Amino acid sequence: MHIRPFASLALVAALSALVASTAQAHGIWFAQRATQTALIYGVGADDLDMVKRQPLVTRIDGYDEDLQPVPTELRADGPLLLVESDLAPPVVAAVMFNGIWSKKPDGQWVKKGRDEVPDATISEKNYKYAVFLRGEINGALQPLPGQRLQILPVPATLPALLDEPLQLRVLFDGKPMAGVRILRDYVNDPDAEPLKTAADGTVTIKVRNQGLNVVAAIYDGPSDEPTKADKMEHLATLAFVLPHKPE
């Protein structure tokens with residue numbers, strides 16, 4: 001396909017603006033990579049360098065079928081950050097503090113606070129959370145340590161097929177939170193119109209994929225450093241896999 005030079009420049013500018021406008025929409029989630037569980041950083045199809053961001057991960061946890069902690073750690077392996085545990089925990093979770101970012105009037109994001117970028121259109125303090133249900137547990141998923149914002153499936157058993165309904169409850173600091181933005185497919189449809197949680201923190205989605213599902217919740221809370229950040233953005237993901245038919 002032939003693209004005229006000016007059209008190409010316009011396209012590049014548009015894409016750059018899009019990337020800048022969504023810079024702080026990046027989150028973390030877990031996914032399988034060559035039969036191993038990896039911690040991913042990105043949004044949509046972006047699968048960015050998580051190894052260099054490993055120092056930003058403030059905790060990694062594994063839990064057994066009764067949600068009791070089991071020794072779990074992260075190990076860099078080439079470009080991947082892999083979950084390691086001798087006990088193959090059915091639940092893994094992570095927390096990442098991504099620092100304070102400000103959006104300049106030209107649309108570019110910089111890792112500085114409003115005290116350093118006084119003309120910023122927005123300054124945010126960013127926290128990322130991730131939970132992966134990769135195996136069966138006894139009962140329903142419960143609030144986990146360190147997960148200030150967490151997505152909980154209400155039923156103890158996940159749906160078996162895509163398009164089936166799934167009720168979720170979103171907690172912030174252990175309490176149901178209304179008005180949280182929900183993206184039902186953070187990897188394949190990150191620009192979809194978000195749903196919002198009800199007064200009791202619940203929302204019902206249709207499971208989108210017969211495979212990996214990554215649901216995201218985004219909550220903007222008050223800043224604990226108002227001179228540096230206008231708000232605190234909390235972005236949590238819940239990942240789970242619906243198995244395909246036997247081959």
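Leu 149 stands opposite Phe 172 in strand 11. The model is predicted, so local features need pLDDT of at least 70, side-chain atom pairs count only at pLDDT 80 or more, and totals for chains, interfaces and linings use all residues. Residues are numbered from 1 along each chain as its sequence is written, and side-chain values use heavy atoms, with hydrogens and water left out.

## Strand 10 and its partner

Strands are DSSP runs of E with at least two residues, numbered from the N terminus. Strand 10 and strand 11 run antiparallel and are joined by 5 bridges; two strands pair if DSSP finds at least two bridges between them. In a regular strand the side chains alternate between the two faces of the sheet. In strand 10, Leu 149, Ile 151 and Pro 153 point one way, while Gln 150 and Leu 152 point the other way. Is strand 10 mostly covered or mostly open? Strand 10 is mostly covered, with 5 of its 5 residues buried. Here buried means under 20% relative accessible area, exposed means over 50%, and partly exposed lies in between (1.4 Å probe, protein chains only).

## The nonpolar cores

A nonpolar core is a set of buried Ala, Val, Leu, Ile, Met, Phe, Trp, Tyr and Cys residues joined through side-chain atoms within 4.5 Å. The largest one has 34 residues, and those that touch the most other members are Val 91, Leu 141, Leu 149, Leu 168, Ile 182, Leu 238 and Phe 240. Among the elements that give two or more residues to this core are strand 7 (91-103), strand 10 (149-153) and strand 17 (231-241). Strand 11 supplies the largest share of this core, 5 residues.

Leu 238 shows how one member is surrounded. Residues up to four places away in sequence aside, Leu 238 touches Val 131, Leu 133, Leu 141, Ile 151, Pro 153, Leu 168, Asn 213, Val 214 and Val 215, where contact means heavy atoms within 4.5 Å. A second, separate core has 28 residues, including Ile 40, Val 57, Leu 74 and Met 96.

## Aromatic pairs

Rings of Phe, Tyr and Trp (its six-membered ring) pair if their centres lie within 6.5 Å; planes under 30 degrees apart count as stacked, over 60 as edge-to-face and the rest as tilted. The count by this rule is 4 aromatic pairs. One of them is the edge-to-face pair of Trp 29 and Tyr 186, with 5.7 Å from centre to centre and 85° between the planes. Trp 29 belongs to strand 1 (residues 27-33) and Tyr 186 to the loop between strand 13 (181-183) and strand 14 (195-196), so this pair ties together parts that are 157 residues apart in sequence. Both Trp 29 and Tyr 186 are buried.

The ring centres of Phe 172 and Tyr 219 are 4.8 Å apart and the planes stand at 55°, so the pair is tilted. This pair links distant parts of the chain, with Phe 172 in strand 11 and Tyr 219 in strand 16, 47 residues apart. Phe 172 and Tyr 219 are buried.

## A buried serine

Ser 123 lies in strand 9. Ser 123 counts as buried because its relative accessibility is 0%. The side chains of Ser 123 and Ser 102 are joined by a polar contact of 2.7 Å. A polar contact is a pair of N or O atoms within 3.5 Å; within protein, one must be able to donate a hydrogen and the other to accept it, and residues adjacent in sequence count only if both atoms are side-chain atoms.

## Salt bridges

Side chains of opposite charge can pair when their charged atoms come close. A salt bridge is a side-chain nitrogen of Lys or Arg within 4 Å of a carboxyl oxygen of Asp or Glu. The structure holds 14 salt bridges, including those below.

| Residues | Closest N and O atoms |
|---|---|
| Lys 125 and Glu 225 | 2.8 Å |
| Arg 148 and Asp 173 | 2.8 Å |
| Asp 220 and Lys 231 | 3.1 Å |

Lys 125 is buried at 7% relative accessibility, whereas Glu 225 is partly exposed at 26%. Arg 148 is partly exposed, with a relative accessible area of 32%, and Asp 173 is partly exposed at 45%. Asp 220 counts as partly exposed at 29%, while Lys 231 is buried at 19%. A network of salt bridges links Glu 124, Arg 181, Asp 220 and Lys 231.

Definitions and conventions: Helices (H or I, at least four residues) and strands (E, at least two) are DSSP runs, numbered from the N terminus.
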